[in-house]
Amino acid sequence: MNTEPETTRDETRDMTGDPHLRVHCTTDADGRITFIVQRSEPATLQSPQLLLRLRPKKGQPEKLLHALDLEPVDDSRLRAVLETQPALADGRWDVYLLAEPGAQRQRMRPGLRDLRALVDGHTRDRPSPVAVRVPYATKDGYLAVRAWLRTAHAEVERVDVRDRSMTVRARLHGATLAEGAVVRLRLRGGDGVVRTLGPQVEGDGPAFSFTVDYEELAADQGARPGTGTRVWDISVQSGPAAGAPVIRIGRLLDDVADRKEIFVYPTAEVGDATVRPYYTVDNDLSVEVTAATE
């Protein structure tokens, strides 16, 4: 499901403010992205490139760039293909045009984004490492690619929210669940406070489910007694050994780059606390517990 509204040809032109240049993109099921830079006049660019820049953290210098050669399709279109290898590092990659070697970067506005091949991505098993790319329009109207690169990943397939609990069905990619695996709820900022649950494994496959009791979370003050908000991050530990991988649970394998403001689950009142599951800015699943203020 693509929850970002797509634009028509005329709407794209109005949105960009530049009638001469825009970039469309199409993804395939393997994560390959084809970019088409389209101009309303014949292209006269010399050795142009599409530049992807990993957005640095605030105050940090940029570290990773990935350049793609643009090849002419016809007089008004140029094409570049981002292949599946090498995998993009985890983060947000902004897209620029380099009209010629040494030219100043030009930030790219999005055209049409065909992401249909990503919609059912959660139905296919992924080997390790799990690499995901989703093109999207930023809040200020530019084209970017959200990339995830994880050794393993647990994909949320369903969340059933009830009055006092939630049941999550997930599927493991890039790893296997050994006997003694546990689901971990870790209190963020809680000095290592962790609650564990036993997952219900479906046969010998990668699918599993678990139920979170809201009353137990609301009653557990952890390292933050009194009023305020506590967040529990959810992972699965693939085996009983101390060194077994701890794999974050979330939803990455479709066409939605940012779920937090789109997939909103209902809240539950538990005693004097409000409990709600939600997706973080990285599309990982967490549970927020907010105690009533006095």
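Biologist: Which residues do ring pairs link into a cluster?
Modeller: In this predicted model, F263, Y265 and Y279 are joined into a cluster by ring pairs. The structure holds 3 aromatic pairs. In one of them, the ring centres of F263 and Y279 are 6.5 Å apart and the planes stand at 85°, so this pair is edge-to-face.

Biologist: Where do F263 and Y279 lie in the chain?
Modeller: F263 is in the loop between β19 (246-250) and β20 (268-270), whereas Y279 is in strand β21 (residues 273-279). The two are 16 residues apart, and their pair links distant parts of the chain.

Biologist: And how do Y265 and Y279 pair?
Modeller: Y265 and Y279 form a tilted pair, with 5.9 Å from centre to centre and 45° between the planes. Y265 also belongs to the loop between β19 and β20, 14 residues from Y279 in β21.

Biologist: Is Y279 buried or exposed?
Modeller: Y279 counts as buried, because its relative accessibility is 2%. Y265 has 16% and therefore counts as buried. F263, at 22%, counts as partly exposed, because the cut-off for buried is under 20%.

Biologist: What sits over the ring of F263?
Modeller: The charged end of R259 does, 4.1 Å from the ring centre. Elsewhere, R107 lies over the face of Y96, at 5.7 Å from the centre of that ring.

Biologist: What does I234 touch, leaving out residues up to four places away in sequence?
Modeller: The residues touched by I234 include M166, V183, L185, F210, I249, L285 and V287. R184, R248 and S286 are also among them.

Biologist: What share of the protein's residues count as buried?
Modeller: Of the 294 residues, 45% count as buried. As for contacts with a separation of 6 or more, 63% of them are between residues 24 or more positions apart.

Biologist: Now the secondary structure. How many helices and strands are there?
Modeller: There are 2 helices and 22 strands. Five of the strands form an open sheet of mixed pairing, in the order β5-β6-β2-β1-β9.

Biologist: Which strands stand at the edges of that sheet?
Modeller: β5 (71-74) and β9 (110-114) stand there, each with a single partner strand, so one side of each has no neighbour in the sheet. On average, neighbouring strands of the sheet are turned by 25° against each other, direction ignored.

Biologist: How many bridges join β2 to β6?
Modeller: Strand β2 (residues 33-38) and strand β6 (residues 77-82) are joined by 6 bridges and run antiparallel. Within this pairing, Q38 stands opposite R77 in β6.

Biologist: What about β11; how many of its residues are buried?
Modeller: Strand β11 (residues 143-150) is mostly covered, with 7 of its 8 residues buried. It pairs with β10 in the antiparallel sense over 8 bridges, and V132 stands opposite W148 in β11. β7 and β11 pair antiparallel as well, over 4 bridges, and W93 stands opposite V145.

Biologist: How many residues lie between the strands in the hairpin of β10 and β11?
Modeller: There are 5 residues between the strands, and G141 in this hairpin takes a positive phi near 85°.

Biologist: Finally, the backbone. Which peptide bond involving P86 is cis?
Modeller: The bond from Q85 to P86 is cis, with omega near 0°, and P86 is placed in the loop between β6 and β7 (91-98). The bond from S128 to P129 is also cis, with omega near -5°. P129 lies in the loop between β9 and β10 (130-137).

Biologist: And what is the phi of N283?
Modeller: N283 has a positive phi of about 70° although it is not a glycine. Most residues other than glycine have a negative phi. N283 is found in the loop between β21 and β22 (285-291), and with a relative accessible area of 0% it is buried.

Technical notes:
Residues numbered from 1 in each chain as written. Predicted model: local features only at pLDDT ≥ 70, side-chain atom pairs only at ≥ 80, totals over all residues. Heavy atoms only, no water. Contact = heavy atoms within 4.5 Å. Phe/Tyr/Trp six-rings, centres within 6.5 Å; stacked < 30°, edge-to-face > 60°. Buried < 20%, exposed > 50% of the residue type's maximum accessible area, 1.4 Å probe, protein only. Lys NZ or Arg CZ within 6 Å of the ring centre and 35° of its normal. Pairing = 2+ DSSP bridges. Axes fitted to C-alpha atoms, helices over the stretch in contact; angles between N-to-C directions.
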